[in-house]
Amino acid sequence: MTEGGLPGSALLPLAYRECRQIAATHGRTYFLATRLLSAERRPAVHALYAFARMVDDVVDRTGRPAATPDHDPAAELDLIERDLRAALGSSVGAASPAAPSPQHGTDRAASPRPRVLVLAAVSHTIHRYGIAAQHFWTFLDSMRMDAPGAPAFRDRYATMAQLRDYMRGSAAAIGLQLLPVLGTVVPLTEAEPAAAALGEAFQLTNFLRDVAEDLDRDRVYLPADALAAFGVDDDLLFECRRTGRTDPRVRRALAHLIAVNRDLYRRAEPGIDLLEPRVRPAIRTAATLYADILRHIEHSDYAVFGHRAVVPRRHRLRVAATEFTTAALRSRLPR
């Protein structure tokens, strides 16, 4: 099978390079953490990130709040699922993907499009590591909740229970996809609850950091009941976005949700020791750096409407170096 004139054996290296570039460009903290993984594992992690990013881009196009004749997010998600199912069902799925649908195929005179490359890499990764395909269908189901025009579309969440139902696919499923790649020292099922919790912790951190950007797309991912307990509603959030200032009521609500978020990190932390020793520094680095976003929100006095909380690069490198050094020293201790 060929794609864009390239045989499957030539497509895969190009596909994994494309995924690495996507991870390096869009997931700075994530990409830095993968540098602590063995060279063998990195391409698979990049492929999983690139697939999630590709799907997220379908439903998260700024300025495209609803389905239009030239952009139907729900239909695009259906095509992605169809193509991935075809790739996984193909007898050559471990070498190359099934042919892409015509709507996003490739010109044989040109290089394969990024979507074709990402599907090639992720289907190969799924086959290679025996990742349960259900985690990808669960992920896509949650992404349909983000897709204007889809029956499941939702731009508000009344309760934390509703939000966690969304995060089961948007975040927990990502942790479960990664688990077979990372490897565990216990049966996979024993490590799954912590992996799911860490995925949810990362996702909730994103929601707290990106509340202003989400408002620009008329979306609120923070649960309405938790906000209402502090006197916060949509009108107040939009006023904060307009002025760039955080109202004291919003500040208290954010402080509460940050505490909820930190509890997720605490629940996930013991699961890191269930992973293979070589991957633990990378996951600890990712967890530490993401949790540091919460600290930066606090130190800015919750100014999430005026700027985006970012962990400085110097600090990210220092945390990664510390985790790597600590792991190296532990490996030399007598057992």
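## Aromatic pairs

Two rings of Phe, Tyr or Trp (for Trp, its six-membered ring) are taken as a pair if their centres lie within 6.5 Å, and the pair is stacked when the planes are under 30 degrees apart, edge-to-face when they are over 60 and tilted for the rest. By this rule there are nine aromatic pairs. One of them joins Phe207 and Tyr221, whose ring centres are 4.5 Å apart and whose planes meet at 5°, so this pair counts as stacked. The two residues belong to distant parts of the chain, 14 residues apart: Phe207 lies in helix H8 (residues 188-209), and Tyr221 in the loop between helix H9 (211-216) and helix H10 (224-228). Helices (H or I, at least four residues) and strands (E, at least two) are DSSP runs, numbered from the N terminus.

Phe207 is buried at 5% relative accessibility, and Tyr221 is buried as well, at 6%; here buried means under 20% relative accessible area, exposed over 50%, and partly exposed in between (1.4 Å probe, protein chains only). Phe207 and Tyr221 also belong to a cluster linked by ring pairs, together with Tyr157 and Tyr166.

## Model and overall fold

The model is predicted, and local features need pLDDT of at least 70, side-chain atom pairs count only at pLDDT 80 or more, while totals for chains, interfaces and linings use all residues. Residues are numbered from 1 along each chain as its sequence is written, and side-chain values use heavy atoms, with hydrogens and water left out.

The chain holds 14 helices and two strands, and buried residues make up 52% of its 335 residues. Of the contacts (heavy atoms within 4.5 Å) with a separation of 6 or more, 72% come from residues 24 or more positions apart.

## The enclosed helix H6

Helix H6 (residues 134-144) has nine of its 11 residues buried, so it is largely enclosed by the rest of the structure. Among these buried residues are His135, Phe136, Trp137, Phe139, Leu140 and Arg144. Their cover includes helix H3 (42-59), helix H4 (73-89), helix H5 (114-129) and helix H7 (160-182).

Trp137 also takes part in a charge-ring arrangement, in which the charged end of Arg85 sits over its ring, 3.9 Å from the centre; the rule asks for NZ of Lys or CZ of Arg within 6 Å of the ring centre and within 35 degrees of the ring normal.

## Salt bridges

A salt bridge is a side-chain nitrogen of Lys or Arg within 4 Å of a carboxyl oxygen of Asp or Glu, and by this rule the count is 27. Arg128 pairs in this way with Glu40, with the closest N and O atoms 3.5 Å apart. The residues are 88 positions apart, Arg128 being in helix H5 and Glu40 in the loop between helix H2 (28-34) and H3. Arg128 is partly exposed at 46% relative accessibility, whereas Glu40 is exposed at 52%.

A further salt bridge joins Arg241 and Asp216, with a closest N to O distance of 2.7 Å; Arg241 lies in helix H11 (residues 234-243) and Asp216 in helix H9, 25 residues apart. For Arg266 and Asp263 the closest N and O atoms are 3.9 Å apart. Because Arg266 and Asp263 are three residues apart in helix H12 (residues 248-268), about one helical turn separates them.
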